[in-house]
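Good morning, colleagues. Please have the sequence and the structure open before you while I speak.

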Amino acid sequence: MGFIVAAIVNEPSAVLERFVSWYLRQGADRVALYFDDPAHPDIARFAALPCVTVTPCTAEFWASLGLSAEVRFTLRQNAALTHAYRAQTEGWLLNVDADELMYAAGKTLAAWLATQTEPQSLRIASAEQIHTAGPQQLFRLQIAKAEVNEIYGAESDLFRRRYGLIGHADGKSFHRAGRSDLRLRQHWAEDASGAEVIGTRLFARDGVHLLHYMAPNYAAWRNKLDWRLNAHGFPAPIKERLRACQASADPEAGFRALFDLLHAPDPKQIAALEAIGGILRLPADFGAPQTG
């Protein structure tokens with residue numbers, strides 16, 4: 001019983017290449033890309049790849065799902081993911097974003113999923129990329145709110161709501177195919193009544209992680225400021241700090257300092273996180289597309 005990966009995407013070529021390459025190497029039977037921009041320049045390129053299906057999200061596509069391209073992104077995303085799920089007849093569907101790599105330590109995802117015989121749904125906790133001067137890739141893991149207070153001190157309000165993370169702490173899910181009543185949401189699924197489908201939740205201690213590259217560099221983070229300011233549910237203390245930067249005499253200096261505070265912890269903070277099992281270290285080239 002295999003698995004399919006589905007995502008609604010609008011990322012640069014390099015991010016999409018890493019995404020597709022990673023999941024195919026992990027044993028995915030197929031990667032389904034829903035291009036939110038139907039004129040995205042990479043559509044033809046990815047449509048030509050084996051084991052990749054491409055759906056340009058045209059006005060006609062949205063109309064077929066009872067939507068328009070003008071409704072908010074999360075509604076379009078949920079509709080596209082549900083479309084992917086209902087087109088599947090067996091195996092698992094994993095719904096993720098293009099900046100997320102699901103990782104099972106010591107196994108491919110296909111081999112790991114083969115050991116999951118009982119659950120109908122699996123939700124995997126988030127691990128969030130952070131930046132350091134060292135040669136490895138580092139990810140911070142969810143920690144207790146009391147530990148957030150100890151590590152981040154006066155700035156803990158920025159980190160507490162999401163258990164030490166800045167991006168989502170809800171993780172992403174695998175769903176077993178075959179339920180006609182299932183509607184997918186970004187992090188989990190609902191049944192026909194709108195109730196969350198309760199499955200198995202897995203965390204760092206289980207050796208599986210959702211690696212979230214939410215702020216790969218300052219430029220990429222800076223380009224999404226408007227989205228963060230307007231996103232429903234993004235932590236209010238961070239929105240307030242962003243607005244304060246905007247209103248300051250030197251907004252760019254403020255933004256840069258905030259990026260470092262949020263996504264480049266100092267060595268003391270990293271050591272404190274590592275001491276409580278709050279850091280995942282991976283090789284510097286982890287996830288890079290392979291050629292040849």
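Predicted model: local features only at pLDDT ≥ 70, side-chain atom pairs only at ≥ 80, totals over all residues.

In helix 1, the buried residues are L16, R18, F19, V20, S21, W22 and Y23. Helix 1 covers residues 13-25, which makes 13 residues. From its first C-alpha to its last, helix 1 reaches 18 Å, close to the 18 Å expected at 1.5 Å a residue. Just after helix 1 comes G27, with a positive phi of about 95°.

One of the buried residues in helix 1, R18, has its charged end over the ring of Y213, 4.2 Å from the ring centre. There is a further example of this arrangement: K145 lies over the face of Y163, at 4.9 Å from the ring centre.

Let me turn to the nonpolar cores. In soluble globular proteins, nonpolar side chains tend to be buried together. Which residues have the most contacts inside the largest nonpolar core? They are F19, Y23, F174 and L211, in a core of 41 residues. Helix 1 supplies the largest share of this core, with five residues. Another core, of 27 residues, lies apart from it and includes W221, A231, F255 and F259.

I shall now stay with F174. At 0% relative accessibility, F174 counts as buried, because the cut-off is under 20%. Leaving aside residues up to four places away in sequence, F174 touches a set of residues including F3, W92, L109, W112 and I124.

Next, the aromatic pairs. A pair of aromatic rings is described by the distance of the centres and the angle of the planes. The structure holds 14 aromatic pairs.

How do the rings of W92 and F174 lie? Their centres are 6.5 Å apart and their planes stand at 85°, so this pair is edge-to-face. It also links distant parts of the chain: W92 is in strand 4 (residues 92-95) and F174 in strand 9, 82 residues apart. W92 counts as buried because its relative accessibility is 1%.

To bring these rings together, F3, W92, W112 and F174 form one aromatic cluster. F174, then, is a member of that cluster and is also among the residues with the most contacts inside the largest nonpolar core. Thank you for your attention.

Notes
Residues numbered from 1 in each chain as written. Heavy atoms only, no water. Helix = DSSP H or I, 4+ residues; strand = E, 2+ residues; numbered from the N terminus. Expected span 1.5 Å × (residues − 1). Buried < 20%, exposed > 50% of the residue type's maximum accessible area, 1.4 Å probe, protein only. Phe/Tyr/Trp six-rings, centres within 6.5 Å; stacked < 30°, edge-to-face > 60°. Lys NZ or Arg CZ within 6 Å of the ring centre and 35° of its normal. Core = buried A, V, L, I, M, F, W, Y, C linked by side-chain atoms within 4.5 Å. Contact = heavy atoms within 4.5 Å.
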